[in-house]
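Me: Could you take me through one part of this model, the place where the two chains touch? I'd like a close look.

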Amino acid sequence: MTLKTLVFVVVLAVGVGAFARTVYRLYRYLRLGRPEERRGNGWERLRAVLVIVLGQRRVLAEPSGITHFFIFWGFIVLAFGTLQFIGEGLSEGFVLPLLSAGSMKYFSLIQELFAVLVLVAIAWAAYRRYVQRPDRLDANWEAAIILILITALIGTDFITEGAAVVASGGHAAAGAPITTVVSRLLAGLGTTPAAAVIVREVFWWMHVLVLLGFLIYIPRSKHLHLLAAPFNVFFQTLGPRGALKPLNLNIEDEDLEDMAFGVSRVEEFSWKQLLDTYACTECGRCQENCPAWLSGKPLSPKKLHQKLRDHLTARGEVLLGAAAGVSASEVADEQLPVALIGDVITEEEIWACTTCGACQEVCPVLNEHVGKIVDLRRHLVLMESQYPQAAQATIRNIENSSNPWGLARSARADWAEGLGVKTLADGPGEILYWVGCAGSYDDRNKAVSRAFAELMQAAGVDFRILGSQEACCGDAVRRVGNEYLFQMLAEENIGTLNGAGVKQIVTQCPHCFNTLKNEYPQFGGHFEVLHHSEFIAALLAAGRLKPVRELPQRVVYHDSCYLGRYNGVYAAPREVLVSVPGVTLAEMERSRGRSFCCGAGGGRMWMEEEGTKISSLRADQALAADPEVIGTACPSCLTMFTDEINARDAGDRVRPLDIAEVVRKAI
Amino acid sequence: MAEKARLAPETHRLLTQDLDEYRGVLVSLEQTGGEAAPVSWELVGAGRRLADQLGVKLTGVLAGFQVRGLATEALEYGCDQVVLYDQPVLEQYRTIPYTTALVNAVQELKPEIVLLGATSLGRDLAGAAATELATGLTADCTELGVDSEKRLLLATRPTFGGKQMATIVCEKYRPQMATVRPRVMETPVRQPGRGGEILERTLDLQEQDVTTKVLELIREVGEAVFLDRAEIIVAGGRGLGNKENFALVEELAGVLGGVVGASRAAVEAGWISSAHQVGQTGTTVRPKIYLAIGISGAIQHLVGMQNSDIIVAINSDPDASIFQIATYGIVGDLFEVVPALTEEFRRRLAGKTGQGIGEKAGGRETAGVGGALGLGKNN
């Protein structure tokens, strides 16, 4: 073994050792989190890794993702070149398995091709981040270091190879056009073969150092996502996206780990939630689509993960250092007096979220922001009884009267007066119509309930309602963090529905829809739940409803978050609208998966909003499509749009209407 | 508390022994920082009426520190006697010392009826005392009466979300306890110089015996517009059109001696501060008269004011939801109606200046305004 090889081995060992040590540390921080079962469905998980990681599907959802695509694949291809490089360093004449002296020139050609692609992509990335400076990207040193390291990595390699050509007295390298060009440049600069030997050695060592520097830097920077993202995708949440994780509230249950409900310390998140913070690439797509951030609220979903990761690494170190047998959390609270709620994430940030899920929709590494926000709220609400003041009355009303306004439960079916609507007392019927609180009590939405009921009657559907037996489904209650009240409501409603043998349910409220469909199964309520858009579309398709009257209007459809993003219902409401003769459908710039929240979700409907209102932004977006009707399929969205249109005195130009009302006009 | 918990069954046995031992009406007088809660005097008025019907004494129980002046005041409002606990340990409200004071007074005087205000403090105290005394408690009453023959307190409260009234009696236990909603009973007229006995008592309780400590009092911030205590509220909504027009509301409120309220839409439009907002997100109000001007009546507003005694709605849209709950509805252009109303009130109230239609308007002045409006409460 030559001295050079020996030094190389030592340097390599130091670099790889430092890398492994950091990664192991990060792994141990993860293990501080609460346990969570994420195994099973291995094939489905592997498939997701293929599509989302190797196929870069989420990344490519935006044009700028092409840059990342080339850097990503460039890295994979160049990684083989690097392995070949390390092998050569360890033993002269080393050739990677499956390669031979004969195929080497093709290997180099591919290497050079991808090296160029990466360099071009890097240049574009640098231009974007430091010249274009989009709001969502931080023009910081960390990103610059990475870009410089990658460029240096490729640059030193080319110079090393080029110098090798000159040193050997040659003029060209087979299958290596760039190397050939570099060698000509070096020769042109008057580099003698003897000098080229030195140049080669110097740049060879520089390449080694840059490579190891990069390796050491990766797990300490946002480039940790290189390691974490594939695992994050593999361990993604399967099952319905709209379902929050239930809390075990049975304090007599021996399996209950402790009495701390929700999260007030970073180690109270699950390991998977902590892995999310490692996987974050800081691309800022979440922030760019977040209604809270765009309306000037302090919450940024991107900063949420950044801050959690930084806090985890700081606190994790202290937690791991705590002596055995003591409460590590309490030791850490004392040694590092930084409160997760308050110092790291403020209460304003926690309450600003509408749980619209736009952040999760666009996250290239499948991070989940909403569950974390709800966990923090759960702590505030269940452990400290801290709500925004305005929400308190609503929660109390729901608790006492099963509706947000504290109105009489006996008045729940008043909207149906004179329609001859039957309740379950008249037998089971074909389908249960779940009206929801807004549809039962709010005048504007009562009109929607009437329109929908009349449509069903026109189609000859033998439906039933629960009347005063219906209680709030608990969507907003759960999303403000009051899991206790939510589970009470869920159990009451499931008891009523199961008791009456209900199998099929239809509702016009996407929040009720999501809760009944995706969350009630957690508590033994298994029903086939349809949104009224799906049901009306089915009635239209079956010819049971025939819109005949002409309605020559331009309708822009607003996708509700809980119908669209969380449940994938995009086509049905549009089909319903275009079934009406004369209707022309317009789309907003942000629609379908990229739809922009009306501002009412996540319990925000019941809180005050400072500054620019989310609903105001959304109304502007809708009006930009120049509609005569804003079509909605959600009572909350309808309320928000109605308020906005009224506030602009635009009621004579534009009317917000539920899709059922639009069809009703045509029957 | 351990000793008390042991005592409770014993108390229970004693109480069920002889109900006839219990005579008299007792009201708990609430104060904070030496200032009486308005409900205290309302309770004295209600208690006085019950005591007169039963032919018994009315006793006030007052706990606090340096509050002797309030005891005298209670006599002037109508108490025959006041049990006064005046000691440092009672300076701030805390459940255990205040409960002990009330329970001791009840055990000493054995009243048949005990009334408290349905305020945050009153609700806390009432539950604790009723448990300790092992008797029944009817919470949140809006009407009180007595069956003089059976000597039963008839405590009436809304139920089923306000759809029905339930009258609840406590036949087998004494005292019969009830909490009464603030601003429901009339404040009696104070009679300066009216005398009575002050029974001074001292709790055998030192600061170190009380485990609850008040660390800090955090005052509610924001403008004090006292919507929740107002007897007359004049509220404006989006129908006013702009900030300048909101002056119409302020002017009418000024003439009536009322407080200005607003719908969420008006607040969000920036016409008035959020301290004036009435509704689900805002203040829930229960005034004697609520004038809704240019308010369509979104559900979140309605739930904040639907329990007002009289609701007068002025709106140009006859289909506006507000008319569904209004006592009186005026369909018309508010820019004609409101100035006309303001002028007419100004004229009719001009003769009553001596009575002072101002911020301090009590129940009687309101009746005066109601009279001027031609509004009776006999609906």
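Reply: Happy to! Let's begin with polar contacts: chain A and chain B share 8 residue pairs of this kind, both partners at pLDDT 80 or more. A polar contact is a pair of N or O atoms within 3.5 Å; within protein, one must be able to donate a hydrogen and the other to accept it, and residues adjacent in sequence count only if both atoms are side-chain atoms. On the side of chain A that touches chain B, the elements giving two or more residues are α17 (389-401) and α26 (635-647) of chain A. Of the elements there, α17(A) gives the most, with 4 residues. Helices here are DSSP runs (H or I, at least four residues), numbered from the N terminus.

The model is predicted: local features need pLDDT of at least 70 and side-chain atom pairs 80 or more, while totals for chains, interfaces and linings use all residues. Residues are numbered from 1 along each chain as its sequence is written, chains are lettered from A and ligands numbered from 1 in the order written, and side-chain values use heavy atoms, without hydrogens and water.

Salt bridges come next, with 2 found across the interface of chain A and chain B. One of them joins the side chains of K613(A) and E268(B), at 2.7 Å from N to O. The rule asks for a side-chain nitrogen of Lys or Arg within 4 Å of a carboxyl oxygen of Asp or Glu.

As for the whole interface, 21 residues of chain A are in contact (heavy atoms within 4.5 Å) with 16 residues of chain B.
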